[in-house]
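Let's take a walk through this one together. Have the picture in view and follow along, one part at a time.

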Amino acid sequence: MLPKQGNCSTCPSHSQVVYLVANAHQTAKPSVTVLGAGVTGVTSAWYLLEAGFDVTVIDRQSQPAMETSFANGGQISVCHATPWANPSTPIKALKWLSKPNAPLLYRLNTNAEQLRFIWRFLQECRASRADANLQQMVKLGLYSRRTLKELMANLPLDFEQRLQGIMHFYTSVSEYQSAIAPTKRMQTLGCHRTLISPNEAVALEPSLSALGSTLVGATYTDADLSANAHIFTNKLASYCQSRGVTFLYDTHIDNIALDDKHISHITIRQGITQQTHQSDHYVICLASYGKRLLDPIGVHLPIFPAKGYSATYAVRDGTRVPQISLIDDEYKLVMSRFTTYERDVLRVAGTAEFNGYNTDLDPTRCQALTQRVQALFGDALNYDEPNYWAGLRPMTPSNVPLIGRAYLGNVWHGRTSDNLIDNLWLNTGHGTLGFTHACGSAKALSYLMTGQTPPVDFAFVGHK
C-alpha cells in the first residue's frame with residue numbers, strides 16, 4: 001500500500017510515487033506457461049525459473065512424468081544414439097513387417113498423417129541426411145549431458161543414477177562389423193566410445209558371460225549414464241515448486257488462441273470447469289500431443305507417436321544381473337538397473353511401433369521382452385509379475401528435436417519463417433532421447449527466450 005501524501009519530508013512526492021510504480025512494472029518477471037510436466041517440461045520449468053521467469057506448468061495427469069517419461073529405458077545415451085532414419089532401416093523395416101515382435105513395426109493403414117510421416121522418414125534415410133542428423137543429435141547430447149552433470153553437482157538429486165557408463169553388445173558378426181564405422185564417426189564428433197572384445201565386455205559386465213560364444217563384441221562409453229527418469233522429473237519438480245513454480249495438475253488444455261501471430265490465451269479445463277489462462281509466453285512440451293494442439297492454429301509439427309514398450313523385473317540374484325546399462329543390438333533393447341534400499345529391479349525397454357495414438361499393451365510384444373530377458377539372465381529375475389508399460393514417444397522423421405520459436409506452416413529444425421509467433425516456443429520431438437536431451441534442450445531454450453545465443457551449435461527452430 002502506498003503512503004498517504006502529506007507534508008512529511010520523508011514521504012515520497014507524487015512524481016516519486018509514479019516513478020516507483022512504473023519502475024516496479026518494468027522489473028516484473030515475465031510469465032511463462034509450460035504445457036506438459038514430463039521430463040522436458042519440468043527441466044524447461046527449472047531453467048526458465050533460473051533465467052528469471054515466473055513459471056506455471058500445466059499437465060492433465062495428477063503428478064509429473066506420468067506418460068512418456070514414466071517407465072522408459074532410463075539411459076542418458078549420447079554416444080550410442082543414432083538416428084532411426086538411416087540407409088539400412090528401410091530394408092530392415094520391410095523384413096520386419098511380418099514379425100509382430102519386430103524392433104521397428106509399422107502398422108500399415110491409410111492414415112494420411114502416418115503416410116506423410118513415413119514419406120519424410122524415408123527421405124531422412126539418405127546417408128547424407130542421416131549423418132547431418134547424427135551430428136545434431138550428438139552436439140545436443142554432449143551439451144545436455146554436461147548440463148545434467150552440472151545440475152547434479154548443484155542439487156542433491158538422487159534418482160537411482162549409475163555412472164558406470166553404457167555398453168552396446170552384439171551377437172551378430174555382421175552387425176558388430178557394421179558398428180565399427182559409426183563408432184569411429186562418434187569419436188570424431190567428440191564421443192569417447194570404444195570397440196571392445198567379448199573378453200573385455202565380460203570383464204566389465206560379468207552378467208554377459210551367459211551369452212558364451214554368441215557374444216561377438218561390444219562398444220563401451222564410460223561417460224554416459226543411466227537413471228530413473230520418473231524419479232528425476234518428480235524430484236526436480238519438487239525443487240521447482242519450492243522455489244515458486246506453480247503446477248496445475250489434473251488440468252486439460254482444450255485449445256490455444258492465436259491472435260495476429262500472438263497467443264492471447266489458452267483454454268484449460270479442470271473437471272467440468274473451463275477457464276482461460278494467460279501468460280506472456282507459452283512452451284510446448286506435450287510430447288506427441290503437441291501436434292494435435294497446434295494443428296488447428298496452423299503450426300504443423302512433423303511429429304508422429306512411436307509406441308515404446310518396457311518391462312520392469314524384480315532382481316533375485318544381483319550377481320547375475322547387469323550393473324552397467326546395456327543396449328542389446330539384436331533386439332534393440334536397453335537395460336538399466338535401478339537399486340534403492342527398498343527395491344532392486346531391471347528395466348528393459350525398446351521397440352518402436354507406429355500405430356497412431358494407441359497405448360494398449362500388445363501381449364505378443366510384451367512376451368517378446370520377457371523371452372529375451374530370460375534367455376540372457378535366466379532365473380536371476382522374477383518373471384511372475386513383470387510390470388509392463390507402453391508410452392508414446394514424439395518422433396520426428398529425422399530424430400532431431402524441435403527447440404525454439406514456433407511459426408505458422410510446416411515446422412522443421414534449423415528453419416525460420418516470416419510468420420514467427422512472438423510468444424510460442426517449442427521443446428518437443430525428442431523421440432527416444434527425451435531424457436538424454438532434456439537438460440540441454442531446456443537450458444538452450446532459456447537462452448533463446450532471454451534473447452541470448454545458446455552455447456551449442458544446434459539447428460534451432462525460428463532462430464536466424
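Start with an open sheet of 3 strands, ordered β10-β11-β12 and paired in the antiparallel sense. A word on terms: two strands pair if DSSP finds at least two bridges between them, while helices (H or I, at least four residues) and strands (E, at least two) are DSSP runs, numbered from the N terminus. In this sheet β10 (252–258) and β12 (273–277) stand at the edges with a single partner strand each, so one side of each has no neighbour in the sheet. From one strand to the next, the twist averages 20 degrees; angles like this run from 0 to 180 degrees between N-to-C directions, with axes fitted as lines to C-alpha atoms, for helices over the stretch in contact. Strand β11 (residues 263–270) pairs with β12 over 5 antiparallel bridges. To find the spot by eye, look for I266, which stands opposite H277 in β12.

Before going further, some housekeeping: this is a predicted model, where local features need pLDDT of at least 70, side-chain atom pairs count only at pLDDT 80 or more, and totals for chains, interfaces and linings use all residues. Residues are numbered from 1 along each chain as its sequence is written, and side-chain values use heavy atoms, with hydrogens and water left out.

Now zoom out. The chain has 12 helices and 22 strands. Its radius of gyration (taken over C-alpha atoms) is 24 Å, close to the 23 Å that the globule rule (2.2 Å times the number of residues to the power 0.38) gives for 464 residues, so the chain is as compact as a globular protein of that length. The C-alpha trace spans about 95 × 50 × 50 Å along its principal axes. Of the 464 residues, 55% count as buried, where buried means under 20% relative accessible area, exposed over 50%, and partly exposed in between (1.4 Å probe, protein chains only). Take the contacts (heavy atoms within 4.5 Å) with a separation of 6 or more: residues 24 or more positions apart account for 75% of them.

Another open sheet has 6 strands, in the order β9-β2-β1-β13-β22-β20, and its pairing is mixed. β9 (246–248) and β20 (402–407) are the edge strands here; each has a single partner strand, so one side of each is left without a neighbour in the sheet. The twist averages 25 degrees from one strand to the next. Inside the sheet, β1 (residues 31–35) and β13 (residues 281–284) run parallel, joined by 4 bridges. V32 has H281 in β13 as its bridge partner. Helix α12 (residues 434–449) packs on this sheet and touches β1, β13, β20 and β22 (420–428); its direction makes about 170 degrees with that of β22.

Next, find strand β17 (residues 333–339), which is mostly covered, with 6 of its 7 residues buried. Strand β16 (residues 325–328) runs antiparallel to β17, and 3 bridges join them. L326 has M335 in β17 as its bridge partner. The hairpin of β16 and β17 has 4 residues between the strands, and K332 takes a positive phi near 55 degrees there. β17 also pairs with β18, in the antiparallel sense over 7 bridges. Those two form a hairpin as well, with 4 residues between them, and F338 stands opposite V345 in β18.

Last stop: the aromatic rings. Rings of Phe, Tyr and Trp (its six-membered ring) pair if their centres lie within 6.5 Å; planes under 30 degrees apart count as stacked, over 60 as edge-to-face and the rest as tilted. By this rule the count comes to 11 aromatic pairs. One of them is the tilted pair of Y289 and Y357, at 5.3 Å centre to centre and 45 degrees between the planes. Y289 lies in the loop between β13 and α10 (290–294), and Y357 in the loop between β18 (344–354) and α11 (363–377), so the pair ties together parts 68 residues apart in sequence. Y289 is partly exposed, with a relative accessible area of 23%, while Y357 counts as buried at 18%. F458 and F460 make an edge-to-face pair, 5.1 Å centre to centre with 70 degrees between the planes. F458 is buried at 8% relative accessible area, and F460 is buried at 4%. Finally, ring pairs link F117, F121, F304 and F354 into a cluster.
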